[in-house]
Amino acid sequence: KDEREKFKKTLYEFANKLKENQSLDSDKKIVIFVDELDRCRPTFAIELLESIKHFFSIDSYVFVLAIDKNQLGSSLKTLYGNEMDCDGYLRRFIDFNYNIALPNLDNFISLLYHTMGFEGLFERSYLSSSQQKFFIEMLKGYCNGFDLSLRDVEQLFFQLKIVIPQIDFASLLNLYTIPLLIVLRIKHFRIYQNLIEKKSDTSEVIKIIKENKVIQTMFDQHPYESLHIRVEEYLKIITVSSIKDRNELMSRYQQGIRSDSINYPLEVFDGIDNLVKFAYDNKILNQIKDIIEFSSR
């Protein structure tokens, strides 16, 4: 107890000397920020809170704790049981609570797009400004539709920065599907893995897309001329792995063009045979898988 009092006295004297040396007003505070406490080991987080309370309850010192209270509450319950009154416990240590509003996700995406130099990555003769515009709108649709956190969005952009220079965007085959595959890896790893390992067909991914109103709205707002081919059709193309798959896919397109001109407009699937052949000959899915997995390490 004596040592604790000596420690507090030393802190108090340090604050006063600091104010004198810097010619600061006596009411100025030393502010100490503790970030991401909720990400620490539960026992460590609780011990730190208790240390702050017992050793730093001194005039002139203010602690600002950046925490996810729900996450920290879960940590408390792992230590003290599910009946733990987390809010009551935390009030012992925290005097004031401030909730910080979530940032605008679209603005954050636009910021990353510019600061990470994505315009330069897309300065290629076959990528028009309208296609680049759709690409960033599509990223916003995926990030909002899959409810990505800011950390998830940042991870997506870091991976795209690695992936894009290494992928051949012939006929725009990969431009729209690679972001979707990376997002799937982040949010639905099992579905992603089943797809790239060909343990399942594209139906699970297509179901996610069709049931997601945000993503559907994003695609509905863009004409086929911008999209060229719907993402679900791209997924079917890039997963072609045998002559049989290739022939069946071509047959389905040909029948669709003849019998369903609304869902299979000729201009959308113009040159589809070349895309299917390109995907099959170059094993597109394997290329994408290898590069995405490399960028995730």
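**Buried, paired, exposed: terms and their cut-offs**

Trainee: Why is lysine 140 called buried?

Mentor: The relative accessible area of lysine 140 is 14%. Buried means under 20%, exposed over 50%, and partly exposed in between, with a 1.4 Å probe and protein chains only, so lysine 140 falls in the buried class. This is a predicted model, in which local features need pLDDT of at least 70 and side-chain atom pairs pLDDT 80 or more, whereas totals for chains, interfaces and linings use all residues. Residues are numbered from 1 along each chain as its sequence is written, and side-chain values use heavy atoms, without hydrogens and water.

Trainee: What makes the contact between glutamate 137 and lysine 140 a salt bridge?

Mentor: The closest N and O atoms of glutamate 137 and lysine 140 are 3.9 Å apart. A salt bridge requires a side-chain nitrogen of Lys or Arg within 4 Å of a carboxyl oxygen of Asp or Glu, so the pair qualifies. The two residues are three apart in helix α7 (residues 129-145), about one helical turn; helices are DSSP runs of H or I with at least four residues, strands runs of E with at least two, numbered from the N terminus. Glutamate 137, at 29% relative accessible area, is partly exposed.

Trainee: How do you know that glutamate 36 and arginine 151 form a salt bridge?

Mentor: Their closest N and O atoms lie 1.9 Å apart, so the distance meets the criterion. This pair links distant parts of the chain, from the loop between β1 and α2 to helix α8, 115 residues apart. Glutamate 36 has 29% relative accessible area and arginine 151 has 45%, so both are partly exposed.

Trainee: Why is glutamate 3 called exposed?

Mentor: Glutamate 3 has 56% relative accessibility and therefore counts as exposed. Its salt-bridge partner, at 3.6 Å from N to O, is lysine 6, which is exposed at 52%.
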